[in-house]
Structure formats: C-alpha cells, structure tokens
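Here's a quick briefing to read alongside the model. Have a look at the fold first, then go through the points below.

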Amino acid sequence: MTASRTVFLSAAERFADLVRRIPTTAWEGPGLGAWSVRDLVGHTSRSLITVSTYLKAPAQRETVTTAADYYAAIREISAGMGEDAIVERGRQAGRDLGADPASAVDALVTKVRADLADVDDPLIEVIGGLGMRLNTYLPTRTFEMAVHGVDIAHAVEIDYTPPADVLADAAALAARIAVALGQGTPVLLALTGRQNLPPGFSVV
C-alpha cells in the first residue's frame with residue numbers, strides 16, 4: 001500500500017470516529033460559516049465520496065502533477081462556481097447522510113477502502129476536468145479531513161486530534177500550497193517565529 005493511501009485511510013478512520021462522537025443535539029447547530037454541523041460533516045464526507053466517484057472517471061491526460069498545484073488550480077475553479085453553489089453542495093451532502101450520519105460515514109469509509117483495494121495508481125479526472133494520478137489526489141483528501149475534522153471538533157466542543165501521520169502530511173501540504181501560491185517566504189517566517197501572518201491569511 002502506498003504512503004498516500006495509508007495516510008488517507010488513517011484520516012478516514014479518525015474522521016469516522018469523530019463523527020460517531022458528535023452529540024445528537026449538535027447536528028443542526030452552527031458548524032463553519034453558513035454551514036451547520038451536518039452540512040460541515042457532509043462537506044467533509046465528500047473527501048470519501050469523490051475518491052470512489054473519480055475512480056470511475058479516467059482522465060485522458062495528466063494536467064496536475066502535485067497536490068499543491070491542485071489547490072492552486074482549484075482556486076480559480078471555485079471562484080467560477082461561486083460561494084453559494086459551494087455552500088449548497090455541502091448542505092446537500094449533509095442531507096444525503098440521512099437519519100444516521102455516523103453509520104453513513106462508516107459505510108463511505110468501508111466503500112472507499114474496498115474501492116482502493118482494487119486499483120493501483122490510475123489517472124483520474126477530478127473537479128474542473130483536471131487530470132491527476134490517484135496517489136496525487138489522495139493527499140488533498142487527507143488534508144480536507146484533517147482541517148475539517150478540527151473544524152467539526154471545535155464546533156461541537158469535543159477533544160480531537162488527527163493522527164500524527166495525517167497532521168504531518170496536512171501541514172507539509174499547506175506549506176507546499178503556500179509556495180505554489182508565491183507565499184512560501186511569509187509562511188516560513190511565521191512558522192519560525194520571525195513574523196506574523198496577516199489576519200485572515202489562508203492557503204486555501
């Protein structure tokens with residue numbers, strides 16, 4: 001099993017465990033921005049759904065060769081979609097989890113694990129028609145589950161820490177995204193205590 005696959009599945013299992021711990025009274029409470037907790041969990045669950053979906057969508061050519069470049073490209077794609085469309089997609093994903101979201105997420109983890117067992121490193125077509133290798137795409141999903149897992153835990157006020165391998169990969173990817181966006185120097189200086197990042201700074 002490749003390192004990217006191992007870390008992705010580690011993130012998936014910890015995400016599913018987190019969802020099982022969400023109090024029943026918290027699901028319709030505030031999650032992140034315009035999203036409820038259910039919406040936020042639904043949005044995060046798409047990191048599982050898209051892997052299974054895109055495995056059925058072979059790409060004709062490789063247009064993105066690194067996970068950081070994926071995020072650089074997705075900025076333009078997301079801007080074209082509009083914020084309202086992105087918010088609604090998260091809400092729909094939340095609705096799709098049904099009456100028992102924890103069981104739904106468990107089922108998604110089981111499915112994606114089985115789907116990954118049947119493939120090597122295919123060239124897949126992801127959002128925006130981008131073509132990339134599976135092992136290049138998986139770290140982007142690990143990143144999403146790591147970041148939004150922390151968002152979910154903060155929203156429902158429970159203790160949660162992603163696995164060490166997931167945190168290491170997500171933090172490294174965040175730094176690489178910063179470099180891809182031309183922001184590598186301020187991020188490096190911030191991480192080494194030399195200067196603060198401006199309010200609201202984000203690599204995604």
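**Fold at a glance**

The chain has 8 helices and 4 strands, counted as DSSP runs (H or I of at least four residues for helices, E of at least two for strands) and numbered from the N terminus. Read from the N terminus, the order is α-β-β-α-α-α-α-β-β-α-α-α. Bear in mind that this is a predicted model, where local features need pLDDT of at least 70 and side-chain atom pairs count only at pLDDT 80 or more, while totals for chains, interfaces and linings use all residues. Residues are numbered from 1 along each chain as its sequence is written, and side-chain values use heavy atoms, with hydrogens and water left out.

**Overall shape and packing**

- The C-alpha trace spans about 45 × 40 × 35 Å along its principal axes.
- Of the 204 residues, 44% are buried, meaning under 20% relative accessible area with a 1.4 Å probe and protein chains only (exposed is over 50%, partly exposed in between).
- Take contacts (heavy atoms within 4.5 Å) between residues at least 6 apart in sequence: 77% of them join residues at least 24 apart.

**Charge**

- There are 18 positive and 24 negative side chains, and the centres of the two sets lie 2 Å apart.
- Here Lys and Arg are positive and Asp and Glu negative, with His and the chain ends not counted; each charge is placed at NZ of Lys, CZ of Arg, CG of Asp or CD of Glu.

**One residue to check**

- E157 isn't a glycine, yet it has a positive phi of about 60°.
- E157 sits in the loop between α6 (134–156) and α7 (164–180), and it is exposed, at 72% relative accessible area.
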